[in-house]
Amino acid sequence: MRDQIERGMPGTNRRGLLKCMLLGAAGGVLWTVSGGVPRAFQLGGDALAATPPAPGDFSFVQISDTHIGFHGEANPDPNGTLQLALARIAEAPVRPAMMLHTGDVTQLSKPAEFDTAQQLLKTAGLQTHFIPGEHDTLVDDGKPFFDRFGKENGTGGWYSFDQGGVHFVALINVLNLRPGGLGYLGPEQLDWLKKDLKGRSASTPIVVLAHMPLWSVSAAWGWGTDDAAQAISYLKPFGSVTVLNGHIHQVIQKVEGGITFQTAMSTAFPQAAPDTPGANPGPQKVPADRLKSLLGVREIAFVKDKANPMITDERLEA
Amino acid sequence: MSRTSILIGGVGMAMTVVAALVAGGGVLPRLLDPAPPAQAVVNHAMMDPAAKPVAATGNEVVIDNFSFGPAMLTVAVGTKVVWTNDDADPHTVTSETDPKLLKSPALDTGDSFTFTFDKPGTYRYFCSLHPHMQGIIVVQ
């Protein structure tokens, strides 16, 4: 099944894909259909698709929307569910090389919330890279966030680095948001991105982090980024681009040529599916025995000889 | 905890959405949308104060369900307007243009913010966390 987990099966008949989707869930391989291209999510321990990271592969974790300081009905104990998430990460058969936090570390940008988040995340014992969500930049244009987590960053807070043969780009799309708009990157950051990618070999795998989705999941709910198209145009020449987003507290995926966009689960609380009638983009209360099944973390592994990563979403509970 | 857990919650919701969209036929293009337009959408069309007003009065705006209610409020000069956040998410009250007369801190559930309008005019504001949330105070 490993080949099928790779991106891109050009020319596949749409009807065939639907059949695959309907049968796939029962058969133990979970597919999503997006942009007409099937994507299989590996299920841990399943005989069909059992290709967990092996030593020598480069694997890391995405954690998102921890919202430390949240105390609403949707989850009275986000510290506890974060600890569960970190326990899941600790169970990985191969220790991840690092952790990426795609924002909304805290609920209200309060010092005590940043303190607690930092303490809890440190227990994972992994080098961690952060980008802020809009909840992290409520005070002073995000100064408390950047003071703690942004020492490596250039002006504006965006940055890039290389690890495991992969080029990582961390974007900020939650600052200077414009009235009536969605997420926003801004011309300065776009210019930096263009320069950062220039001259890199098209076979270099790229991983892009951004808190708000870099595609329009829901304009009515503000789930998108106004000027993402320009950023995407800079990424198009590359053969393997994986965009990791947060903000919407659920996994939704889009494939556009060589670019796969994935939003992630939260470790704090779920949110409704986009544009659900009668719902809103905020915290969604569910029965207590369902909560942990809607929270999770993500493992990403670049396996030898494969340009595109294996992506495994782990719920906190079955 | 077992690693064999199947991701149903997060992806399941997405699959439900995908399945529903696929089943619904013409709605599938949502997932195939091209990138959103570069310009911000300023959706005040419904709230132009020059149009015949269905202006609400009083001095209170309730923030709930990711909206300001009423979206347009008309008050007399000198009125103190009170915004109260009844929503599960924090929100702010922020002037759309400079100078930012309205610049509330992040309002948690139950928090309030007040501002006294001494000069007539049309004051457009939005939530800086959720910029699609917009409102207007008309001071006459």
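Predicted model: local features only at pLDDT ≥ 70, side-chain atom pairs only at ≥ 80, totals over all residues.
Reader: Okay, which residues of helix α6 in chain A are buried?
Author: In α6(A), which spans residues 187-197, the buried ones are Q189(A), W192(A) and L193(A). Buried means that 20 or more other C-beta atoms, placed from the backbone, lie within 10 Å of the residue's own, and exposed means 12 or fewer, with partly exposed in between. Helices here are DSSP runs of H or I with at least four residues, and strands are runs of E with at least two, numbered from the N terminus.

Reader: Why do they line one face of the helix?
Author: Seen down the axis of α6(A), the buried residues fall within an arc of 100°, taken from the directions from the helix axis to the C-beta atoms, so they line one face.

Reader: And which residues are exposed on the other side?
Author: There, P187(A), D191(A) and K195(A) are exposed.

Reader: Changing topic, what is the strand order of the open sheet in chain B?
Author: The order of its four strands is β2-β1-β4-β6, with mixed pairing, where two strands pair if DSSP finds at least two bridges between them. The edge strands, β2 (67-69) and β6 (112-116) of chain B, each pair on one side only.

Reader: How do β1 and β4 pair?
Author: Strands β1 (residues 60-64) and β4 (residues 80-85) of chain B pair in the parallel sense over four bridges, and I63(B) stands opposite N85(B) in β4(B).

Technical notes
Residues numbered from 1 in each chain as written. Chains lettered and ligands numbered in written order.
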